[in-house]
Amino acid sequence: MSKLTVISLGAGVQSSVMALMAAKGEITPMPDYAIFADTQAEPDHIYEWLDWLETQLPFPVLRVTRGNLFEDVMDPSNRSASPPFFTASPSGVGEGILMRQCTRDYKVTPIQRKLRELAGYKPRQRIPEDTVEQWIGISTDEIQRMKDAPEKWCNNRWPLIETRMSRWHCLRWMRDNGYNELPQKSACTFCPYHDNAFWREMKATDQKSWAQAVQVDEHIRDNFRGTTSKIYIHRSLVPLKDADLSDPAENQITMDFGDECDGMCGV
């Protein structure tokens with residue numbers, strides 16, 4: 001069997017441009033599939049964009065999901081959904097951050113299961129090395145997010161790094177190729193990695209997503225399992241609805257996610 005070539009499609013700027021470039025033959029070989037791992041907790045505009053993007057690609061877009069991350073976070077009995085919410089540090093000075101499992105559980109693992117299935121292997125069946133090549137939409141301004149795949153049978157590839165494209169270059173490529181609508185950043189509505197600029201934009205233009213983020217923030221304060229500390233979405237350790245979103249000094253971990261998220265979120 002020839003190597004399976006698959007795009008990890010986040011439906012944000014970088015992965016969308018990577019998929020469209022592949023569709024035009026600017027990145028080769030032509031992928032066999034694109035896979036979108038759906039947390040079922042992203043803004044409506046991401047799903048609307050993904051619906052449109054599917055019509056532009058000559059290869060299938062497969063949607064996989066572990067379940068609804070919003071519902072799982074809101075369920076006190078569900079101990080598996082763990083976004084990296086902020087909490088007061090044990091010393092009482094500054095903030096701490098909860099263990100992040102959401103990307104692994106709701107993005108990476110569902111994609112790996114689908115890759116195994118597409119390659120024709122059953123669970124726990126040994127897969128030869130280099131069976132799958134997975135393209136990940138990390139750009140040059142996020143180079144620190146490049147990580148090898150956890151399984152030897154899957155090799156990660158970063159075509160935007162190869163072509164020396166930053167996020168700005170991706171947006172310019174969209175305009176130069178006649179795309180009037182541009183993708184937005186892809187992330188769950190209540191992701192703690194949003195910065196203040198992102199929160200301001202959401203509050204001003206997407207009341208549905210803002211309301212959901214505030215709902216999660218209010219709920220987790222006294223209902224999040226595994227800790228007795230107060231939990232917050234915003235790094236300032238105040239309720240999101242009361243946070244000072246005008247202060248750039250209070251920016252969260254920015255949406256490039258630093259060294260987080262295995263290159264699976266935000267692209």
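**Entry 1. Arg 221**

I take a residue as buried when its relative accessible area is under 20%. The model I am reading is a predicted one. I began with Arg 221, which lies in helix H8, residues 207-223. Is Arg 221 buried or exposed? I found a relative accessible area of 10%, so Arg 221 is buried. I then looked up its polar partner: the side chains of Arg 221 and Glu 218 are joined by a polar contact of 3.5 Å. Leaving out residues up to four places away in sequence, I listed Ser 229, Lys 230, Ile 231, Tyr 232 and Pro 239 as the residues that Arg 221 touches.

**Entry 2. The sheet**

I next traced the strands. Five of them form an open sheet in the order E3-E2-E1-E6-E7, and the pairing is parallel. Which strands stand at the edges? They are E3 (61-64) and E7 (154-157); each has a single partner strand, so one side of each is left without a neighbour in the sheet. From one strand to the next I noted an average twist of 30°.

Helix H1 lies across E1 (4-8) and E6 (132-136), and its direction is at about 140° to E1. Helix H2 lies across E2 and E3, and runs at about 150° to E3.

I then examined the burial of H1. How many of its residues are buried? Ten of its eleven residues are, so I describe H1 as mostly covered, with the under 20% cut-off applied. Among the buried residues of H1 I noted Gln 14, Ser 15 and Ser 16, as well as Val 17, Met 18 and Leu 20. What do the buried residues of H1 pack against? I found E1, H2, E6, helix H5 (159-162) and H6. Just after H1, Gly 25 takes a positive phi of about 80°.

**Entry 3. Nonpolar cores**

I looked up the largest nonpolar core and found 29 residues in it. The residues with the most contacts inside this core are Ile 7, Leu 9 and Trp 173. H1 (13-23), strand E2 (33-37), helix H2 (44-56) and helix H6 (167-176) each supply at least two of its residues. The largest share comes from H1, with seven residues.

**Entry 4. Leu 182**

I turned to Leu 182, which lies in the loop between H6 and helix H7 (196-205). Leu 182 has a relative accessible area of 25%, so I class it as partly exposed. Not counting residues up to four places away in sequence, Leu 182 touches Trp 49, Leu 171, Met 174 and Arg 175. I also took the separation of its C-alpha atom from that of Val 17: 9.8 Å, for residues 165 places apart along the chain.

**Entry 5. Backbone in the loops**

I searched the loops for backbone features. The peptide bond from Thr 28 to Pro 29 is cis, with omega near 0°. Pro 29 is located in the loop between H1 and E2.

Two entries concern the loop between helix H4 (102-119) and E6, where I found Arg 124 and Asp 130. Arg 124 is not a glycine, yet has a positive phi of about 70°. For Asp 130, also a residue other than glycine, phi is positive and near 65°. Are these residues exposed or partly exposed? The relative accessible area of Arg 124 is 79%, so Arg 124 is exposed, whereas Asp 130, at 38%, is partly exposed.

**Entry 6. Cysteines**

I ended with the cysteines. How many disulfides are there? I counted zero, with a cut-off of 2.5 Å between the sulfur atoms. Cys 188 is in no disulfide: the nearest cysteine sulfur belongs to Cys 265 and is 6.7 Å away. I noted Cys 188 as buried, with a relative accessible area of 12%. Cys 154 is buried as well, with a relative accessible area of 6%.

Definitions and conventions:
Residues are numbered from 1 along each chain as its sequence is written. Side-chain values use heavy atoms; hydrogens and water are left out. Buried means under 20% relative accessible area, exposed over 50%, partly exposed in between (1.4 Å probe, protein chains only). A nonpolar core is a set of buried Ala, Val, Leu, Ile, Met, Phe, Trp, Tyr and Cys residues joined through side-chain atoms within 4.5 Å. Helices (H or I, at least four residues) and strands (E, at least two) are DSSP runs, numbered from the N terminus. Two strands pair if DSSP finds at least two bridges between them. Axes are lines fitted to C-alpha atoms, for helices over the stretch in contact, and angles run from 0 to 180 degrees between N-to-C directions. Contact means heavy atoms within 4.5 Å. A polar contact is a pair of N or O atoms within 3.5 Å; within protein, one must be able to donate a hydrogen and the other to accept it, and residues adjacent in sequence count only if both atoms are side-chain atoms.
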